[in-house]
Amino acid sequence: MARKKQKRKPDAKKTDKTEVQIMSEPRHNMVAYLDPQDKLVEFNEITKFLRESRINEAITHQTPVYKTLIKAFWDSANIIKVDGQEVIRGKVNELAVDVSVEILNTVLQLHDDPDAPYSVPLMCQRGCLLRMKCVDDILGGQINKAWLPLRYKFLLHILIQCLSNRRSGYDMANNDLVGLMVSLVLNKPFSISKYIFANMKENLERTGVGGSKFWMYPRFLQMIMNVQHPNLPKSDNDVLKIDVMLEHSLKIFRGKTAKRYKESTPPRKMFGALANTAYVAPENDKWRHDDSQSDNEEPTLKKMIKDKFGRKKRKIKIFGDSDYESDNGDGDDKGGDGGDVGASGASTPGGDKSKQPVDDDESDSDDIPAEPGYEHYFDDHGVRQVRRLCTDQDVDYVSSDTESECLRKKKADVCRKKKSKKTIAASSAEPTITQPETISEPVLEANFNPQFAFIAEETEALMTSPIATTEPPPVTKTATEPPPIVTTQAEPLHATSSIQQYRSTTYQQSPERRSRMFSEMDQDEKVDFLFTQLQAAASQMNQQSEFMSSTRNTVIKQQLEINALKETVGKQQAEITQLRAENERLKVADAERAAQLQQMRVADNARGIEMNMLKERSAAVQQSAETFAAKHDDMRQWYNERNTTLINGFSTIKDAFEMSRKRVNTLWSERCKAQEVLQKRDHDSEDPGNPNASASSEQP
């Protein structure tokens, strides 16, 4: 039953990339993961250094990025000058967003020195790479991070993914980025904000004001917008994807590094600021201090530069006016600037060839003659060359071995083609009739040469065939007549068929001649002949038996080997089946892990968005708290002023009360005195006859 032909699935339609896919890259300006709990021992030193470094905020700050805001900034961005400094200004919702070196330094908390450069000399970069044990071509325009040890590779990986302007090719780092890494390692002054601003300026100048620009540094721009305009409209559906490193990413990074770079066990100690945060950078653009105990890479670096960029001295052979011959052949003669012409002319056949100068650029010597058909000559620069002789002018021209070999092969190809044509023609032609064999006189060759003996079947066929039909007529010979040519008659059909069936290809005589020879023998000769044939047949039977026995043993061994191979193939097939099942299980597990990873990414993004919302709410609460604090200060000041006024008023009232009390006391005293005077007067003028006099004199 014919197998049904499976229908081919239609190819998936290629969809055009969206604007977001073209103008942005999720792995550009991504967020770093620095293993805050130090779970991965291999990264402990470098992650601790990065957590404490001045780029920590720039590489780890996570904030939602909104593509509408980033697109509006880059579509309207241009370079202006404010107070003599360059500023990139873009408009977002009719609001100006400014980016400058100072703003980048403040928002990203880089703590850059305003006077620091944003480049490191190449010699210092190359020397530091050698000190890191980089095995890549450090003299090229870019460095592949794969050829660095694990910790230095991770440092460069963080710089490429988080701070560089690369949108693809995340394995390579240019000289500026390598300079940034070297400045962090050696604690050299380097302005990272100037480096970022220069990349943004280059991105802007690439297409001009009206062209479409790559959305470079979207995370940094969003951080600046959040500071300058925190109330910009934002939507959850407008979030631009920015990848975030995870702990799983570091594990994959560690596995890939182990395959590409064979690091020493235990790993080499880190140097510079990576080992000591108080490290002082070497002076004069050096990558090590003079009193450093480690190996000095400067001679190796100079040799590498000389080998790659140094001009190779071409050794030119110069002819002298006269040949100088040394008596002892010690090879001390001077034949020019490193040339070997003078040396070869001065050396004798018995001289010491090991002491003679040898030209590295040319392996041939003047003493070796040219190949036949070629000659030596010297060009305009005095360099010895080889050229082919012209056959028209050179009568002694002899083709070289290579040319002779080519000619022989051509002739062989022509003969082979002619032979194949003849074979094809002979196979298509009719078969020709062979002439009967003629002999001068019969000779009993079987008695002399055993290779012409008959096999058993041939002998039996000859004995059963009628002899009368095979006997030739009597022939008489004379001395002057040439030997007659006897033509043998045809053998019976049943005899010749059996003989031709078993005849070997090594027989040189025809069956007609052998039949005639046997018929001419007498009875004793026939018996001897047949006995000889029986011995030959017995010998052949023994040989055949031995051959069959050895063949049988070989076949048995081969069969055993085949059975063993079948068992091995069966086992291997079972293992392959198990491996396929295991592969399918691993694929399912990988798919599940990928789904879990995707869920974790979604959850992480949601947590990031929620965290940002909480940050915004916290900022609003903090702002309200600041407002309430200001109002509280105002109220406290008002109450203090009121209390001061009240205190002053009470003091005045108290003073007035004291004055009034003193005055009342004075008046009371005066009144009392006045009453005493009145009482005394009334006592002196008391009238006994007046009953109201005593009552009027009493005090109230």
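# Reading the contacts and surface of a predicted model

Tutor: A search of the whole structure finds 23 salt bridges. This is a predicted model, where local features need pLDDT of at least 70 and side-chain atom pairs count only at pLDDT 80 or more, while totals for chains, interfaces and linings use all residues. Residues are numbered from 1 along each chain as its sequence is written, and side-chain values use heavy atoms, with hydrogens and water left out.

Student: Why is the contact of Glu19 with Lys71 called a salt bridge?

Tutor: A salt bridge is a side-chain nitrogen of Lys or Arg within 4 Å of a carboxyl oxygen of Asp or Glu. The N to O distance for Glu19 and Lys71 is 3.8 Å, so the pair meets the cut-off of within 4 Å. In general, side chains of opposite charge can pair when their charged atoms come close.

Student: What makes Glu19 and Lys71 a tie between separate parts?

Tutor: Glu19 lies in helix H1 (residues 19-23) and Lys71 in helix H4 (residues 67-76), so the pair ties together parts that are 52 residues apart in sequence. Helices here are DSSP runs of H or I with at least four residues, strands are runs of E with at least two, and both are numbered from the N terminus.

Student: How do you know that Asp137 and Lys308 form a salt bridge?

Tutor: Their closest N and O atoms are 2.7 Å apart. This pair links distant parts of the chain, with Asp137 in the loop between H6 and E5 and Lys308 in helix H12 (residues 298-309), 171 residues apart.

Student: Which accessibility class do Asp137 and Lys308 belong to?

Tutor: The classes use relative accessible area: buried is under 20%, exposed is over 50%, and partly exposed is in between (1.4 Å probe, protein chains only). Asp137 has 36%, so it is partly exposed. Lys308 has 41% and therefore counts as partly exposed.

Student: Where do Asp307 and Lys303 lie?

Tutor: Both lie in helix H12, four residues apart, about one turn of the helix. Asp307 forms a salt bridge with Lys303, and the closest N and O atoms are 3.0 Å apart. Lys303 counts as exposed because its relative accessibility is 53%. Elsewhere, salt bridges that share partners join Glu19, Lys71 and Asp75 into one network.

Student: Are Cys124 and Cys128 buried or exposed?

Tutor: Cys124 is buried because its relative accessible area is 0%. Cys128 also has 0% relative accessibility and so counts as buried.

Student: Which residues form a nonpolar patch?

Tutor: Met635, Trp638 and Tyr639 form one, with about 340 Å² of accessible area together. Accessible areas come from the Shrake-Rupley method with a 1.4 Å probe; for residues, only the protein chains shown count as cover. Met635 is in helix H19, and Met635 counts as partly exposed because its relative accessibility is 48%.

Student: Why is phi of Gln109 worth a look?

Tutor: Most residues other than glycine have a negative phi. Gln109 is not a glycine, yet its phi is positive, about 55°. Gln109 sits in the loop between helix H5 (101-107) and helix H6 (122-131). Lys133, also a residue other than glycine, has a positive phi near 70°. Lys133 lies in the loop between H6 and strand E5 (143-144).

Note on methods: Patches are made of residues with over 30% relative accessible area and no salt bridge: like charges are joined within 9 Å, nonpolar side chains (Val, Leu, Ile, Met, Phe, Trp, Tyr) within 5 Å.
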